[in-house]
Amino acid sequence: GGSYAPGHARIWRIVPGQKPKVWATGLTTVQGCGFGSDGAFYATEFQTAGLTANNPAGDVVRIARNGSRTHLGVGKLFNPSGFLAGPHGSFYVSNCSIAPATGMGPQLCPTGGQVVRIG
């Protein structure tokens with residue numbers, strides 16, 4: 001939830017029998033989220049500059065149990081969406097998730113969307 005501006009997305013924690021509460025803030029345009037085999041929470045940010053910017057740069061943010069954050073996809077991902085956190089730290093994310101088969105320009109995913117391993 002939140003606006004499309006950078007840093008305004010929120011992750012809500014829902015526990016049966018309790019009121020929902022905001023668990024994480026400061027994210028942008030979250031498309032996918034879940035937990036990895038390491039117990040950390042991961043969120044894909046579709047566009048780190050927000051949806052009103054003409055910039056497809058995205059990211060995957062790892063939030064450790066202690067709240068520390070690591071950015072895994074800066075400079076490598078463009079319009080990422082879903083992901084799979086596999087065993088032994090393997091992590092796969094859709095890159096250029098909205099790209100046509102011809103890509104998003106000559107320098108950006110020229111063969112269209114792809115699944116890439118990061119981390």
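**Figure 1. Overview of the predicted chain and its contacts.** Among contacts in the chain between residues at least 6 apart in sequence, 25% join residues at least 24 apart. The model shown here and in every later view is predicted. Its secondary structure comprises 0 helices and 9 strands, and the order along the sequence reads β-β-β-β-β-β-β-β-β. Along the principal axes, the C-alpha atoms occupy a box of roughly 50 × 35 × 25 Å. The radius of gyration is 15 Å, which agrees with the value near 14 Å that a compact globule of 119 residues would have. Of the 119 residues in the chain, 38% are buried. The chain exposes about 6,800 Å² of surface, and 55% of this area is supplied by carbon and sulfur atoms.

**Figure 2. The salt bridge between D38 and R62.** The structure contains 1 salt bridge. Its partners are the side chains of D38 and R62, with a distance of 3.0 Å from N to O. This pair links distant parts of the chain, as the two residues are 24 residues apart. D38 belongs to the loop between strand 3 (30–35) and strand 4 (41–45), whereas R62 belongs to strand 5 (residues 59–63). Side chains of opposite charge can pair when their charged atoms come close. D38 has a relative accessible area of 38% and is therefore partly exposed. R62 is also classed as partly exposed, with a relative accessibility of 22%.

**Figure 3. The buried acidic residue E45.** E45 is located in strand 4. This residue is buried but takes part in no salt bridge. The nearest side chain of opposite charge is that of R69, at a distance of 6.4 Å. For a salt bridge, a side-chain nitrogen of Lys or Arg would have to lie within 4 Å of a carboxyl oxygen of Asp or Glu. Apart from neighbours within four places in sequence, E45 is in contact with G26, L27, T28 and T29, as well as with G58, D59, V61 and P80.

**Figure 4. A nonpolar patch on the surface.** Three residues, W12, I14 and V22, form this patch. Together they present about 310 Å² of accessible area. W12 is situated in strand 1 (residues 9–13). Its relative accessibility is 43%, so W12 counts as partly exposed.

**Figure 5. N79, a residue with positive phi.** Most residues other than glycine have a negative phi. N79 is not a glycine, yet its phi is positive, near 50°. The residue is found in the loop between strand 6 (69–71) and strand 7 (83–85). N79 has a relative accessible area of 2% and is therefore buried.

Figure 6. With a relative accessibility of 0%, C96 counts as buried. Leaving aside neighbours within four places in sequence, the residues in contact with C96 are F78, N79, M104, C109, G112 and G113. F46 stands 50 residues from C96 in sequence, while the C-alpha atoms of C96 and F46 are 9.4 Å apart in space.

Figure 7. R117 is part of strand 9. Its relative accessibility is 55%, and R117 therefore counts as exposed. Beyond neighbours within four places in sequence, R117 is in contact with S90, F91 and Y92. R117 and F83 are 34 residues apart along the chain, and 9.6 Å separates their C-alpha atoms.

Definitions and conventions
Residues numbered from 1 in each chain as written. Predicted model: local features only at pLDDT ≥ 70, side-chain atom pairs only at ≥ 80, totals over all residues. Heavy atoms only, no water. Helix = DSSP H or I, 4+ residues; strand = E, 2+ residues; numbered from the N terminus. Buried < 20%, exposed > 50% of the residue type's maximum accessible area, 1.4 Å probe, protein only. Patch = residues over 30% accessible without salt bridge, like charges linked within 9 Å, V, L, I, M, F, W, Y side chains within 5 Å. Areas by Shrake-Rupley, 256 points an atom, 1.4 Å probe, with all protein chains shown as cover. Rg over C-alpha atoms; globule rule 2.2 N^0.38 Å. Contact = heavy atoms within 4.5 Å. Lys, Arg positive; Asp, Glu negative; His and termini not counted.
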